[in-house]
2 protein chains.
Amino acid sequence: MRDPEATLRQHDLPVTAQRLAVLRAVSRHPHATADDLAESVRADIGTISRQSVYNVLNVLTDKGIIRRIQPADSPARFEDRIGDNHHHLVCRSCGRTEDVCCAVGEAPCLKAHSHHGFKIDEAEVIYWGTCPACQKKR
Amino acid sequence: MRDPEATLRQHDLPVTAQRLAVLRAVSRHPHATADDLAESVRADIGTISRQSVYNVLNVLTDKGIIRRIQPADSPARFEDRIGDNHHHLVCRSCGRTEDVCCAVGEAPCLKAHSHHGFKIDEAEVIYWGTCPACQKKR
DNA sequence: CATAGTTTTTGACAAAGTCCAAAACTCGGT
DNA sequence: ACCGAGTTTTGGACTTTGTCAAAAACTATG
C-alpha cells in the first residue's frame with residue numbers, strides 16, 4: 001500500500017487513526033486474521049475495539065481496497081494484494097497461507113462459463129496441503 | 001447411495017437408526033447443511049439430537065463416505081457424490097449450490113505441483129455467482 | 001442373553017462475527 | 001478557529017455454527 005491516507009480519500013472514506021492503522025497492519029501482515037490485525041494495530045496505535053476492526057475490514061473489503069479470503073476451518077484472512085488474480089495455498093494443520101500464481105498461465109480454470117443459469121463472476125481456487133514446518137513435526 | 005446399511009458395515013461402523021437416517025438424508029438432499037439434515041432426519045425417524053447429527057456427519061466424512069464442503073459465509077454442506085472430482089457453483093446471495101464438472105477436461109488447474117515447500121494434496125475450486133432466482137429478484 | 005465397547009443424548013461451552021445505542025470524531029462551511 | 005451534521009468508534013449483548021464431556025442407551029459379539 002503506497003499511501004493509506006490517499007487511498008482512503010480516493011474512496012471517499014473519512015480518514016481515521018483506526019483505518020490508517022488497520023490498512024498498515026494488513027499491508028505488513030498479509031493473510032492475517034481479524035484478531036491478528038487487532039493485535040498488530042494495538043501495538044501500533046495503542047488501542048482499538050474489536051468491533052472497529054471488523055467495521056474497518058468490512059468497509060475496506062466492500063470498497064475493494066483489500067480482499068477477504070475465507071478458507072474452511074479458519075477465520076477470515078485479509079490481504080492487500082488485489083487485482084492480480086492470484087490464488088492461495090493453505091496448510092491444513094497450521095493454516096499458514098501463501099500466494100500462488102494461477103497454475104496454468106492465463107488462468108484457464110478461471111474462465112467463467114455459464115452453468116445451471118448462474119451468472120458466474122469469480123472462480124476461487126484453494127490449494128490444500130502441508131507446510132514444511134508441519135511436515136517436519138509429524 | 002445404494003445400500004446405506006451395507007455401506008456402514010463395509011466401514012466397520014455399527015449400524016444405528018441415526019446413521020441410516022442421516023445417510024438417507026444426505027443422499028436425498030445434496031448440499032444440505034447440518035441443520036437441514038437434522039430436520040429431514042426428524043421427518044424421517046422422529047427425533048435426533050443436534051450433537052448426533054454432527055457426530056454422524058463427522059464419522060461419515062472421516063471415513064470418506066460423504067464429503068463436506070465449506071464455502072465462505074455458509075455453514076458446512078454435505079454430499080453423497082464422491083470420488084468423481086467435481087467442483088461447486090455457489091450463489092452469493094442465497095447459497096444455492098450446484099455441481100459442475102471440471103471446466104477444462106481433465107482438470108489442469110488441479111494438477112498439484114509443489115510451491116513454497118508445501119506438500120499439496122488437493123485443489124479446491126468454487127465458482128461464485130448469482131443463481132437464476134436471485135438474478136430475477138434484484 | 002449378558003456384557004464390553006460404542007453411540008446417543010443433554011447441556012455447557014467456544015470461536016467468529018453481527019446488532020444496537022451512546023459517545024467521539026471528521027470535515028465542510030462559516 | 002469553531003460549529004454542526006453526519007459518520008465512526010466503542011462496549012456490551014446476542015447469534016450462529018460447532019465442539020466438549022459425562023451419563024444413559026444401544027449394538028453386536030460370544
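Throughout this tour, a residue is called buried when its relative accessible area is under 20%, exposed when that area is over 50%, and partly exposed in between, as computed with a 1.4 Å probe on protein chains only. The model is predicted, so local features are reported at a pLDDT of at least 70 and side-chain atom pairs at pLDDT 80 or more, while totals for chains, interfaces and linings use all residues. Residues are numbered from 1 along each chain as its sequence is written, chains are lettered from A and ligands numbered from 1 in the order in which they are written, and side-chain values use heavy atoms, leaving out hydrogens and water.

Of the 138 residues of chain A, 43% count as buried.

Next, select Arg81(A) and Asp84(A), whose side chains meet in a salt bridge with N and O 2.5 Å apart; the term stands for a side-chain nitrogen of Lys or Arg within 4 Å of a carboxyl oxygen of Asp or Glu. Arg81(A) is partly exposed because its relative accessibility is 35%, and Asp84(A) is partly exposed as well, at 34%. Over all chains, the whole structure holds 18 salt bridges.

Now move to chain B and select Arg81(B) together with Asp99(B), a salt bridge in which the closest N and O atoms are 2.9 Å apart. This pair links distant parts of the chain, since Arg81(B) lies in the loop between strand E3 (77-79) and strand E4 (87-91), whereas Asp99(B), 18 residues apart from it, belongs to strand E5 (residues 97-100). With a relative accessible area of 34%, Arg81(B) is partly exposed, while Asp99(B), at 19%, counts as buried.

Then select Glu98(B) and Arg96(B), which form another salt bridge, at 2.9 Å from N to O. Glu98(B) is buried at 19% relative accessibility, and Arg96(B) is partly exposed at 31%.

For the next stop, display helix H2 (residues 17-28) and helix H3 (residues 34-45) of chain B, which pack at an angle of about 120° with their axes 9 Å apart. Here the axes are lines fitted to C-alpha atoms, for helices over the stretch in contact, and the angles run from 0 to 180 degrees between N-to-C directions. H2(B) and H3(B) are therefore oblique to each other, given that angles under 35 degrees count as roughly parallel, over 145 as roughly antiparallel, 65 to 115 as roughly perpendicular and the rest as oblique.

Most residues other than glycine have a negative phi. Asp12(B), however, has a positive phi near 60°; look for Asp12(B) in the loop between helix H1 (4-10) and H2, where its relative accessibility of 70% makes it exposed. Asp73(B), likewise not a glycine, has a positive phi of about 60°, and you will find Asp73(B) in the loop between strand E2 (67-69) and E3, exposed with a relative accessible area of 70%.

Terms used:
Helices (H or I, at least four residues) and strands (E, at least two) are DSSP runs, numbered from the N terminus.
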